[in-house]
Protein chains: 4
Amino acid sequence: MAEISAEDRDALIAAQSMSATTKRATVPALEEILYEPLPVLDHGFIRVVDYMGDDAAIVQAARVSYGKGTRQASQDEGLIRYLMRHRHTSPFEMCEIKLHVKLPMFIARQWIRHRTANVNEYSARYSILDKEFYVPAADQLAVQSSINNQGRGEAINHDDAEKILDLMKGDAAQAFNSYEQLINSDADGKPIDPERPALARELARIGLPLSTYTQWYWKTDLHNLFHFMALRADSHAQYEIRVYADVIRDIANRWVPLASKAFEDYRLHGVELSRDAIEVVRRRLRGENVERETTGLSLREWRELQDLLGE
Amino acid sequence: MAEISAEDRDALIAAQSMSATTKRATVPALEEILYEPLPVLDHGFIRVVDYMGDDAAIVQAARVSYGKGTRQASQDEGLIRYLMRHRHTSPFEMCEIKLHVKLPMFIARQWIRHRTANVNEYSARYSILDKEFYVPAADQLAVQSSINNQGRGEAINHDDAEKILDLMKGDAAQAFNSYEQLINSDADGKPIDPERPALARELARIGLPLSTYTQWYWKTDLHNLFHFMALRADSHAQYEIRVYADVIRDIANRWVPLASKAFEDYRLHGVELSRDAIEVVRRRLRGENVERETTGLSLREWRELQDLLGE
Amino acid sequence: MAEISAEDRDALIAAQSMSATTKRATVPALEEILYEPLPVLDHGFIRVVDYMGDDAAIVQAARVSYGKGTRQASQDEGLIRYLMRHRHTSPFEMCEIKLHVKLPMFIARQWIRHRTANVNEYSARYSILDKEFYVPAADQLAVQSSINNQGRGEAINHDDAEKILDLMKGDAAQAFNSYEQLINSDADGKPIDPERPALARELARIGLPLSTYTQWYWKTDLHNLFHFMALRADSHAQYEIRVYADVIRDIANRWVPLASKAFEDYRLHGVELSRDAIEVVRRRLRGENVERETTGLSLREWRELQDLLGE
Amino acid sequence: MAEISAEDRDALIAAQSMSATTKRATVPALEEILYEPLPVLDHGFIRVVDYMGDDAAIVQAARVSYGKGTRQASQDEGLIRYLMRHRHTSPFEMCEIKLHVKLPMFIARQWIRHRTANVNEYSARYSILDKEFYVPAADQLAVQSSINNQGRGEAINHDDAEKILDLMKGDAAQAFNSYEQLINSDADGKPIDPERPALARELARIGLPLSTYTQWYWKTDLHNLFHFMALRADSHAQYEIRVYADVIRDIANRWVPLASKAFEDYRLHGVELSRDAIEVVRRRLRGENVERETTGLSLREWRELQDLLGE
């Protein structure tokens, strides 16, 4: 579990014990985990802080209706799947979610590329950063992939992995030690040397590693949440952001189960075929024995198509 | 009151009678008017359909905190005013509101220029439009302004106004009559002439006037709602969108009273002075008698400054 | 050809005769048609007013390189196709285009839904609108589709079409006649009756039909231009916006031929298959005789899949 | 000067020696510095890679005109100043600029918060990072401010500064040394130990400091460039991003001198006064001796107002 200070834990429990009556669309399955930090990596978490709308709200917006969705759940499901299939994205924008996320900075730098979202990040100019940095689990260490320039290949053997982790931990500990020296403040916030000046925080932090944890409030609509999931739950995404995307998938499944199912079926596990690729499929289904040279596909695309077709 | 069909009224009452328990931030003053159409112009309305967050949520995001805002309301207010004063806009983006709006199309065309929002509009390709168009009240008719090229000048006298309204109503009635003929469907949805083909709706509607009412679901965050209010509640905005902005101001005041007050004080009723204009103020406060020729201000700017200074 | 006033034609010719030397990426095939109004519908046009970047600029940004793209054109093409195939969209955002478009207002209302663009529209509050409205060609008139609720079905026979066009033209002429009366200004800008007041333009225009032409400057990046084309060149889009999308396709083909080809191959003529649909294809390619009941596909999806497979 | 490899320098010179004829708006003063790296900080730079539009293009879009701006430069200037003064922002969006920027990652994290822009960043998953990190100049080291929680106070004396810089340099050198060990690649790209595996780049880089330099292509429109300058050239911005904003101001001044002047006059050096603050000014100009207690201003706001008024 992510470590939380006693004070933060009290605030969190107070929030969870609140209860109000509302006429708004409410989702009991999501209320169950509201405010609770769901652990990710060694010190990270995702907390659902607020949400707006549910599956019926998608239908309601698509119909520009006065009430709540349609009368029958089965009609709602059919419409939601139709909207997803035909990329009618605007009704999905009518649901909104707000998350509190704790994550390493090198992941934050990938995450923030999703521009259609609102963000408030913990300020290391204003406040002192906690001494928390990400260290990969030994079995996550892998060599540079030789076939995918931006990915991992085979796992690294146990002995080499231990040496790598020692190096990583040593450097990070050293950087955080220097940070404390520079801001002249120990773990309890007391001056290490009362005679010495404290370097401005905005400068002291620049030596900290990219593995340092930060936190932010992040708010986005369901369409853009799905887009985030599509890119970041993908096998080409870096493992350390994929695990966040996976937790978000679980959250979406509690929140809007019909829309999530449609997303998984049509987007996440759906495939795209180019003009030439679908022509290959058509020819083969007509019984033709298709040679690559007759298709317009590059060797790479040909192999990707074979993979897609499970061959 | 805006006319609503019996069926829509039933759906609306059903929505208003829903009640659920939630741990989310809840605003009783806004719950009071949830789902209720607030009338605007002759047939328009704004309905609050959903909302996320409250004043405390702004503080909570600014602090990236675990609980709800600060412990004391007075601290919340101070921070909110500080954020507004210094244009720290991102915490205000952490509140979201969803409105159902009925409005004439010429206003919809102005409204949609606010791009940072989500929209689902009633489709006149898919559905038949209601026979509803905006007719100005007689006392809203005014001549083209001679000093403001995009505004209204003096009111038009009663007799001329009556003639203008007759012309407007006659043309609109004629256009809607043609619409019914083209789609071959009377007010009850029955074919006017079963032998005749019905023109596609997407073509039949192109002769309808810009005063025709449309509807949409519109969702945006509080920062962008304030921006909308700043531009559209301004005296230079067209009267017909200003009345919508005024209703939204009332809604915001119920929803986030502290933030709304700060917005009114710092933005809506605040003023901007150029480098040259503030220099004029400084010189005058030092007792200098300032002539325009010594200031760098154009005649127009000089007069605007005098207006601002209440002279 | 779109009608342009003598004055506008002079300004246009002056712009076309300008010539400067630049170190920027320049595309001769696009320079050929720069500033020239390309006609669309009965009175509309698209003019390319400016552009930034070319095919090589996409590669240059993807590589974050100091020079221009790669050394060999074939490498550029391979990379561009890879980026398009894997939806690496950000390099395509590094090209930008600015268009001057004249279009009917009911199309403008669809067009403006593309939010990631910059727009300056002719103001009917500030200026007087030209007396120009769209009238469909007789062979474009079609009945409401019985299978597609938002589309057209069979063409309407010649006699009925003539009656419809007469009705459309008559109503529009009447609305424009009233407009002139209300603003008290004839086609030459002279008062019709010097004794009568002129109604404010912002009010006078509300009775004009949705078929009235407007104009705007519209600027967007290549990624969003492709997204526009994907949605608006699609067979489900209304004919009157599709013809604009088709002209834009021709422009893109002059401007960035490699990227345009990749877009056509992977996006515009590519297909998407859901998790269940691709499984059907796999089973059939293994020689299985697949019945719909065993697939998870609805009847509608089953038929869509058969269409895609050319069966 | 920023160090550039011989290969990059060749590519750069090749780009600078290109010359084409264009009908597009062209700005000779900006062409002069096109592609040239303008140095910032110890290893950073900004290069203008491309641009679209000029001062006249702002006017052209505001008028939705066929030709180029107005006939007289003085009219252009008047209109541009009017647009800036009244926050008519959309015409400024019609100019676009593309920059290649090299900057430390802690600055990149602030910069990227400007969402309305296009970005392509050098990938440390795909490629090996250069061994370049930012070290502040000794005279830039300052203590944490006691009055501004997110800023710097007094300068640090020479001896303490030297110790701090030694600590910073030592830690960064150590982190880069570990990076080379982990990716098993020396400065020339040769394996340090051919027997040892190379850790995946996406993992090896997580121990690098936030002061590590990265690079990106960044493209935005003039309105958003001004917004960037307003926030980042402000005295509250961190020094290390302010120096980038200052270089951008110089670039904007070459590119669009009229719009830049208007921006400096009305935005950058303009001031905002709240409803209560402008009332204080009005009362004082009427000769009243105003006490804070009668004004509604907090002590902090009162002092801010006195500062603004130069008292």
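**Exercise 1.** How many residues of chain A are in contact with how many residues of chain D?

*Before you start.* You're working with a predicted model, where local features need pLDDT of at least 70, side-chain atom pairs count only at pLDDT 80 or more, and totals for chains, interfaces and linings use all residues. Residues are numbered from 1 along each chain as its sequence is written, while chains are lettered from A and ligands numbered from 1 in the order in which they are written.

*Solution.* 
- Step 1: Count the contacts (C-beta atoms, placed from the backbone, within 7 Å). You get 45 residues of chain A touching 45 residues of chain D.
- Step 2: Look for the biggest supplier on chain A's side. H6(A) gives the largest share, 11 residues. (Helices are DSSP runs of H or I with at least four residues, strands are E runs with at least two, and both are numbered from the N terminus.)

**Exercise 2.** Work out which rotation superposes chain A on chain D.

*Solution.* 
- Step 1: Superpose the copies by least squares on the C-alpha atoms of residues with pLDDT of at least 70 in both.
- Step 2: Name the relation: that's a two-fold axis.
- Step 3: Check the surfaces. Both copies use the same one, as 100% of chain A's contact residues recur in chain D.

Technical notes:
Two residues are in contact if their C-beta atoms, placed from the backbone, lie within 7 Å.
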